[in-house]
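Please keep the sequence and the structure in view while reading.

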Amino acid sequence: MRLPVFYFRILEVIALTNNILFVDHLEKYFFTYQGIVKAVDGISFFIKEGETFGLVGESGSGKSTVAYTVVGMYRPTKGKIIYKGDKDISQDSRKRPLAIKKEIQIVYQDPGTSLNPSMTIKDILELPLKVHNISKNHEDRIKKVKELLEMVQLPVSYTYKYPSMIGGGEKQMVAIARALATNPSFVLLDEPTSALDVSVQAKLINMLIQFQKKFKLSYLFITHDLSLMRNVASRVAIMYLGKLCEIAPSSEFFKNPLHPYTQMLLSSIPVISDEEEALKPKKIISKGEIPSPVNIPPGCSFHFRCHKKMDICSCEDPIITEVNEGHTVRCHLYTK
Amino acid sequence: MQKKSLTQEELSRRWENIRRNWYKFSRNPLSITGLVMICIILFFTIFAPFVSPYPESAGKFINFYEASQPPSLNHLCGTDAFGRDILTRIFFGCRYSLIMGVTVLLLIVPVGVVLGLIAGYHRGSWLEIVIMRITDIFIAVPPLILALAVCSVLTPSIFNAMLAISIAWWPWYTRLVYGIASSLKEEFFVKSAEVTGANKMYILFREILLNCISPILTKMSLDMGWIILIGSSLSFVGLGAQPPTPDLGSMVADGSKYLPDQWWISVFPAFAIMLIVLSFNLFGDGIRDTLGVERG
Amino acid sequence: MSKSVKILLVTLCLIGILSLGVASAAERPFRTNWSWPTYIDPAVGSDFSSSTALVNLYDTLFYPDIKGDPQPHIAESWEVSADGLVWTIHLRQGIKFHDGTELTAEDVKFSMDRLITIGEGYAYLFKVIKSTEVLDKYTVVFHLNHPFGPFEAVMYRFYILNKDLVMANIERPGPYGDMGDYGKQYLLTHDAGSGPYMVKAFPLEEYLLMTIHPNYWIPIDPNAPDEYKMIGTCEPVTVRTAMSRRELEIADRWQPVEALDALEKINGIKIGEFDSGLSYYYMVNTKKPPTDDIHFRKAMAWALDYKTVINKVFPGSIQSRGPVNQSLPGADPTIFQYQRNLDKAMAELKQSKYYNQLDEYPVVVAFPSVPADNEKMALLFMSNMADIGIKVETLKVPWASIIEIMASEETSSHVAGVSVAPHYPEAGSLLESRYKSDSVATWEQNEWLLDSKFDAMIEDALKTVNREERFVKYSKTQQYIMDLCPTLFIFDMMAKHPYQVGYIDWPAARGEVIPVMGYNLAGRFIKVYPDKRAELLK
Amino acid sequence: MGRTIKFIAKRLAFSVFVLVGLSILIFVIARVMPGNPARMALGARAPEWVVERLREEMHLNEPLYVQYYYWAKGALHGNFGISLVTRRSVANDIKAFFPASLELALYAGIFMGIIGIVLGTISGWYANTWVDNLVRIISYMGIVTPSFVFAIFFVLIFSYVLEILPTIGRLTPGVVPPPSVTGVITFDALITGRFDVFFDALKHLLLPAISLAMGPLSQEARITRASLVDNVQKDYIASERSCGIPERTIMFKYLLKPSLIPTITIYGLDFASILGNAFLVELIFNWPGLSRYGMNAMLQKDLNAITAVVLVLGLVFIIANIVVDLTVGYLDPRIGLGTERSSE
Amino acid sequence: MTKPLLEIKNLHVWFKVFGGILRVLDGVNFTVMSEEKVGLVGETGCGKTTTMKAIMRLLSMPPAIIPKGEILFKGKDILRMNRAELQQIRKEKISMIFQDPTAALNPVFTIGTQIQDAVRFSGKSGRKMKKDEIKARAMQVLKEVSLPDQERVLHNYPIQLSGGMRQRVCISMALVSASELIIGDEPETSLDVTIKDQILRLLKELVEKHNTSIILISHALGTVKNMTDKVYVMYAGTMVELAKTKDLFAHPLHPYSKGLLAAIPRLTGGGIGEGIDGHIPEYINPPKGCRFHPRCKQVMPMCKDKKPPLFKVSEKHEVACFLFQNFGGDCIDK
């Protein structure tokens with residue numbers, strides 16, 4: 001009974017709107033020799049159908065773990081993941097029904113490791129087609145593979161190439177094609193462009209936005225790049241050490257960042273124009289580093305980097321509060 | 001029709017790949033030397049009955065009146081204490097050595113690889129524990145000692161020697177594949193196949209095994225040499241092939257009794273062993289460099 | 001950096017100093033080599049190396065002369081009762097063990113009881129002894145179960161232990177009840193004898209080092225070795241090197257022909273040859289097809305090329321005549337001898353029931369991997385048999401496996417190539433150990449003869465105390481065996497020991513051969529001349 | 001430090017497991033063989049009741065697992081049974097033979113370490129020059145030549161043709177060995193101040209040790225070269241160069257240390273296998289070592305000795321591995337002691 | 001006019017590999033004045049790092065060869081220096097900070113060993129420093145890069161530090177042996193947003209405090225904007241544009257620079273530009289003429305066979321594009 005207000009609010013939202021995904025008090029712990037790593041420590045959010053939900057955080061914040069848990073690579077330690085309002089998918093991929101696997105796809109951060117280096121592009125793209133019985137026979141599959149390649153604007157001659165023969169951006173295109181091969185309705189994008197140059201990133205992002213419209217996709221978009229997030233996400237969540245600090249609609253988020261961590265992040269972004277400079281919160285100097293997730297500081301895990309630290313912060317973990325419509329924040333500054 | 005042309009396209013791609021690897025391989029004169037040596041050895045081995053000067057020397061032939069003759073034009077490597085032509089016996093001996101190497105590899109690679117794949121992919125489960133702990137036990141003694149222990153229990157014969165070496169050697173493949181598989185298991189391409197819904201066989205034998213092939217091939221080509229070496233050590237103590245089968249290790253062992261005067265009896269077979277092992281080593285190193293497997 | 005330089009310097013220094021020689025402590029060292037293992041416990045040891053060591057460390061009641069006849073030794077005199085069942089031995093007085101205590105009848109009784117209780121080694125020779133009785137300090141009486149002709153000869157294998165010393169070193173508990181381990185552990189590396197040499201050091205598998213017993217009761221020639229070392233290796237390369245460096249005085253007898261040729265070429269080295277009493281047999285399994293057929297066996301006997309064997313494979317040896325080595329007392333010199341004759345071989349083979357299916361019945365010949373010449377013999381056999389269409393397969397195995405293979409009828413091979421020596425110098429020894437039913441499943445009989453008629457014949461012969469009568473009976477049994485053709489009698493082996501003729505005097509090489517295993521290497525009869533050795537080393 | 005102790009404890013616990021497994025494996029291998037070991041031990045003519053007594057004593061008439069139980073019970077008390085060949089307790093035999101093998105392995109290890117690393121370093125530093133090629137050819141020859149071939153050649157050259165080094169045993173006949181303190185003659189000689197004995201023993205050690213070391217030595221040289229060549233391209237070497245650190249310091253300090261890590265890993269394994277693989281060399285040089293003892297045991301089917309020797313070799317292997325891991329862990333802080341593994 | 005601190009003239013660097021020669025640098029010109037902060041931007045693989053390694057002579061030759069060009073440091077050609085002179089430059093004049101601090105620190109030595117060696121071999125040669133002197137200096141530089149608990153850091157291995165701390169150590173090592181020029185090879189890429197910000201601020205402070213010049217390589221244009229006075233834009237081994245930082249961001253001229261800037265997502269939102277099609281050409285067989293022409297939307301026939309020189313558009317703004325060969329002031333507003 002930690003978050004009563006928010007909880008009921010969420011239930012209400014579920015009842016009213018069409019949510020593609022609802023993550024409820026998700027926890028994912030890893031037990032290592034150094035101790036328990038609370039990679040995801042009780043987060044809740046929902047993603048509406050057709051929207052892009054952005055998840056931002058530094059490395060080690062647990063944002064990728066959220067994605068991997070949703071897609072079924074990990075079994076949640078606690079909490080629920082509800083797909084399309086009624087399907088509980090809080091299992092790992094082995095137990096997950098094939099139909100759900102078809103619906104939820106993922107694009108990984110590093111195209112270098114997400115494509116099997118010993119397989120041709122054809123082999124890679126064929127797998128989802130085979131598994132989900134999308135194409136009936138060999139010729140059909142080849143045809144479909146070529147269609148997929150055309151869809152992501154890659155030459156058909158790539159069919160029999162190996163991933164090592166093509167560029168990083170192109171590999172990521174293949175990864176996207178693979179994700180879209182099953183006609184999913186929900187795609188997780190785990191920092192899909194962080195390994196790419198800006199020129200390539202632009203092209204890729206535009207393509208993703210285009211696909212979203214065309215196939216009515218919902219995205220969970222994970223990145224550490226706030227500028228990018230501003231341009232793709234309709235709602236943004238900030239994650240720090242396994243917990244969500246702030247969730248807000250995109251425009252609100254960048255205009256009126258509430259959480260000190262959000263403010264610090266925003267102020268750290270290098271920008272190229274004066275208009276952008278004006279948006280950045282002033283005079284917040286970033287300090288400290290994200291601590292190891294094995295020894296999370298007591299109280300608010302952000303307190304010792306926080307420029308607005310209060311006494312209460314070091315002993316008590318704040319609860320999530322809704323400050324404005326759809327804008328929630330987890331900070332003692334905003335709890336009454 | 002369309003399918004056929006596609007396969008051709010695929011084939012040409014594969015062919016291109018092979019050619020590229022060949023190009024890389026052929027850049028290194030040592031690897032080429034190894035390959036050429038292997039080819040020569042293979043030639044003499046396969047055609048031993050036709051190219052060897054006295055093919056009967058490989059069998060139950062004896063002629064004590066021509067025993068222990070030094071190298072001459074008649075007998076390029078001399079004759080042994082039985083009056084048999086040593087060169088002939090070396091050709092046939094290489095044949096048995098190669099058969100031994102190939103057979104042992106055929107026996108152990110599938111077993112070792114499959115066990116390694118299973119253990120690696122199930123890292124953290126009881127399957128891994130069972131397989132890898134058994135492997136650890138087998139690995140805790142030097143292979144030669146284990147092979148010797150097993151061999152000493154059995155009647156000496158070339159087949160039993162192979163069996164003994166296999167028992168001592170399979171865990172190294174399990175360990176190799178396990179190492180790769182258990183790290184590949186965490187790779188995103190495996191994860192993505194899992195998430196997509198591919199079944200276990202596909203993941204083990206396509207996604208993971210494909211990536212193990214280079215190191216396995218490399219290890220196999222290097223191991224050929226080692227297996228032959230161990231086999232010859234077993235023969236050296238009399239646990240190898242039965243006479244009159246020509247066997248390089250026992251030829252060295254028997255010949256060493258006639259040193260230093262009849263040096264040719266043991267020196268030439270010793271060189272033959274060195275040559276075979278050397279050629280497989282050179283070839284294996286070439287493959288390793290070509291396929292880009294880590295050294296170690 | 002500096003550390004590695006230091007290490008390098010030290011290594012260089014070491015290599016420099018390496019050329020410094022180290023002088024030997026002994027003046028007249030004598031070294032010979034044998035195959036491991038060597039047991040110096042009289043109740044355990046029975047093979048070549050053990051016998052050699054035991055002869056040097058211990059004294060026996062009788063000592064064989066060069067004909068093998070018994071001479072008094074510890075026994076000053078002896079009598080046998082008319083029924084042949086009681087032997088009374090009078091001991092020589094004043095004989096001292098190595099620790100100074102006197103040898104008495106108690107020690108003799110103790111040694112015999114110990115040997116029989118433990119039951120290993122040569123104990124089987126003494127089955128005949130019912131009890132031992134101490135009459136007085138210097139008189140001992142043996143009571144026998146039945147009359148036993150070769151009693152004195154058997155006694156060459158009875159070594160007298162120092163009872164007090166053994167009893168002082170018993171480890172309890174052990175398998176022998178009150179007697180604990182009967183001193184077995186102690187006697188593994190120590191001696192308790194009165195012989196001319198005593199154990200100084202015995203690092204196992206390395207060497208047995210003995211020094212001369214300064215107060216031996218028989219005066220020893222001043223040129224006899226003062227140190228006697230038995231080195232445990234037979235590797236030809238090693239032997240060869242050691243011989244040429246004069247670090248080995250007498251080498252073992254298992255060196256291959258080629259090695260002997262090479263050694264003979266070295267200045268000061270000669271091959272000492274004498275009949276060893278050992279015969280080399282191809283023991284044919286008479287119960288296993290196809291060798292269960294007597295015609296088949298005879299065909300093999302006709303087909304074998306004996307001439308090549310004695311000329312090329314084991315040059316210098318003599319073709320065997322019958323089952324008993326011709327040098328042994330009691331051997332029948334008139335017995336039939338096979339020669340290679342392919343016509344006769346074919347004739348016999350045609351009578352065999354396996355004639356039409358020779359390919360289905362390959363003959364497996366098992367032989368020990370050491371000595372190397374065994375393999376030549378096997379290949380010659382293979383090639384000879386091929387001449388009459390018999391297929392032969394070889395089974396070259398370590399000695400231990402030979403024993404194992406021969407241990408049961410199922411595992412034993414068709415032919416086993418083994419050489420056997422008599423346990424005491426008389427034909428009866430070989431006949432008994434080779435063919436009597438109770439020796440099947442041992443490495444001395446692969447024939448699986450199990451012939452009760454033969455058993456009765458040899459038992460009767462052995463019980464005959466009169467020597468001439470006994471020998472007549474021996475002849476009959478030899479003839480009987482010959483008719484069964486259970487064995488290919490190949491050759492009587494010449495022992496060929498390379499030795500340093502340049503600086504040692506070895507009676508056996510001069511022809512003074514004692515036909516009992518081990519006695520020819522008794523150190524006290526050998527003379528070593530260090531001056532001549534030094535000269536050869538120059 | 002606590003971490004190291006924990007690591008060692010964990011590894012030791014694991015090695016106990018491996019040793020138990022190994023003992024079962026070898027026990028089964030040794031006992032499934034046909035034949036009657038008691039009979040073989042006692043010779044041809046021992047009466048049946050003597051054989052039966054020995055079988056009884058060795059529990060050979062019991063089922064296999066009962067035999068193992070007796071064996072394991074004894075082994076826990078350091079009693080590995082009686083050797084059928086030497087008739088002594090196997091534990092005593094091993095005590096007698098092990099130091100000789102250890103001595104051989106130690107000196108072989110010294111040669112292997114020094115020469116291997118020096119050759120490898122030279123070769124790596126002068127990569128792709130004629131020096132490098134020469135070293136590589138030498139190391140190839142070293143790797144492909146079986147140790148027994150080396151041994152035979154060495155005996156021929158040094159002791160037969162040149163007559164400068166002895167071939168048999170650990171000491172020249174007649175030299176009185178020093179009192180046994182460690183069992184390793186060279187050490188004993190030094191402890192007791194017998195330098196003549198020390199040098200004599202060293203002379204005897206030289207050939208067998210080098211024959212044994214040749215193969216592993218070449219391996220070390222190759223590994224060292226490879227990792228040197230690999231590491232010289234690393235960013236940190238560039239970074240150290242850009243800081244103006246002189247080439248010599250980079251070579252002998254910053255480059256050598258990380259490059260030696262794979263060498264040391266291989267070194268440990270090679271050292272352990274030297275002990276086991278030495279039997280051919282021990283045979284040729286008549287070296288009274290453990291592995292020759294082991295081989296004889298195997299050829300003569302000496303059950304208890306086989307089991308014990310294999311276990312001792314396994315133990316050495318395990319200890320060598322632990323030492324290697326500790327050394328590498330000490331040299332390379334990246335390699336945490338104890339496997340890092342996460343589970344869900 | 002003051003003499004430039006570092007001047008690269010027409011530098012060519014090739015790499016010999018299987019199957020041909022990679023012509024990576026194709027006539028690079030580059031100038032750094034004393035106390036100047038210069039940025040160098042371009043996509044991955046455009047030759048930025050190669051240029052910088054050439055300055056430090058860190059390229060391993062072979063496979064690299066430098067067929068043409070010179071690198072003048074205070075008028076002296078680094079490429080023709082002997083070992084001692086080069087060592088002198090590395091010891092006290094120029095130093096480099098690498099992209100990945102994890103790879104740039106020797107993993108098997110403590111931070112202390114590495115910094116103290118850098119200190120020992122820096123500064124005026126000939127005078128040997130005492131041990132405590134060295135340590136004091138090491139502590140001082142660590143303090144300068146705001147590392148807390150310097151004593152402990154000295155005893156730590158790189159693995160025991162976080163990424164940010166490691167990069168601070170690298171910076172401190174560079175500080176020790178660079179009094180005149182620091183080359184930062186994307187020192188911030190591998191770090192998180194907040195740490196990135198901290199490191200860059202630190203670098204800027206230090207450079208200003210010590211009056212050192214800095215060359216900052218980056219593919220993140222935002223970084224360069226905040227840190228530098230002057231920017232070079234590099235494409236496939238050639239300099240395509242050079243300008244005052246402000247000018248470049250306000251009025252990029254080269255189609256490549258324009259495309260690059262347009263592709264950057266803005267915090268203000270409103271979508272992302274199109275990006276640039278294609279990728280950096282293969283160096284074995286680079287396009288003739290302007291190396292950018294296959295990707296250029298404003299390509300003209302002449303671009304395909306003639307290499308454009310740098311055209312001066314204004315005092316401090318030069319661009320290598322034929323669009324500007326007949327320069328007119330109006331181009332800037334275009």
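Which residue in β16(C) does Y280(C) stand opposite? In this predicted model, the residue opposite Y280(C) is F491(C) of β16(C).

## The sheet of chain C

Strand β11 (residues 270-284) of chain C pairs with strand β16 (residues 487-499) of chain C in the antiparallel sense, over 11 bridges. Both strands belong to an open sheet of 6 strands with mixed pairing, in which the order is β12-β16-β11-β15-β13-β14 (chain C). At its edges lie β12 (318-319) and β14 (392-397) of chain C, each of which pairs on one side only.

Helix α9 (residues 294-303) of chain C packs on this sheet, where it touches β11, β13 (363-368), β15 (415-420) and β16 of chain C. The direction of α9(C) makes about 40° with that of β16(C).

## The contact between chain C and chain D

Chain C brings 56 residues to this contact and chain D brings 53 residues, and together the two chains bury about 4,800 Å², with 61% of that area on carbon and sulfur atoms. The count of salt bridges between chain C and chain D is 0, whereas 3 residue pairs, both members at pLDDT 80 or more, are in polar contact across the interface.

Several elements of chain C supply at least two residues each to the side that touches chain D, among them α1 (2-17), α3 (105-118), β10 (227-231) and α14 (427-435) of chain C. The largest share, 6 residues, comes from α7(C). By residue class, the side of chain C that touches chain D divides into 27 nonpolar, 16 polar and 13 charged residues.

## The contact between chain B and chain D

Here chain B and chain D contribute 43 residues each, and the area buried between them is about 3,900 Å², of which 81% comes from carbon and sulfur atoms. Within chain B, the residues that lose the most area to chain D are I137(B), V153(B) and M274(B), which together account for 15% of what that side buries.

Across this interface there is 1 salt bridge, in which the side chains of D285(B) and R222(D) meet at 2.5 Å, N to O; the count of residue pairs in polar contact, both at pLDDT 80 or more, is 2. Elements giving two or more residues to the side of chain B that touches chain D include α5 (126-139), α6 (143-153) and α9 (200-236) of chain B, while the largest share, 10 residues, comes from α11(B). That side of chain B divides into 30 nonpolar, 6 polar and 7 charged residues.

Notes. Residues numbered from 1 in each chain as written. Chains lettered and ligands numbered in written order. Predicted model: local features only at pLDDT ≥ 70, side-chain atom pairs only at ≥ 80, totals over all residues. Heavy atoms only, no water. Contact = heavy atoms within 4.5 Å. Buried area = accessible area lost by both parts, 1.4 Å probe. Salt bridge = Lys/Arg side-chain N within 4 Å of Asp/Glu carboxyl O. Polar contact = N/O pair within 3.5 Å; in protein donor to acceptor, adjacent residues only side chain to side chain. Helix = DSSP H or I, 4+ residues; strand = E, 2+ residues; numbered from the N terminus. Nonpolar A, V, L, I, M, F, W, Y, C, P; charged D, E, K, R; others polar. Pairing = 2+ DSSP bridges. Axes fitted to C-alpha atoms, helices over the stretch in contact; angles between N-to-C directions.
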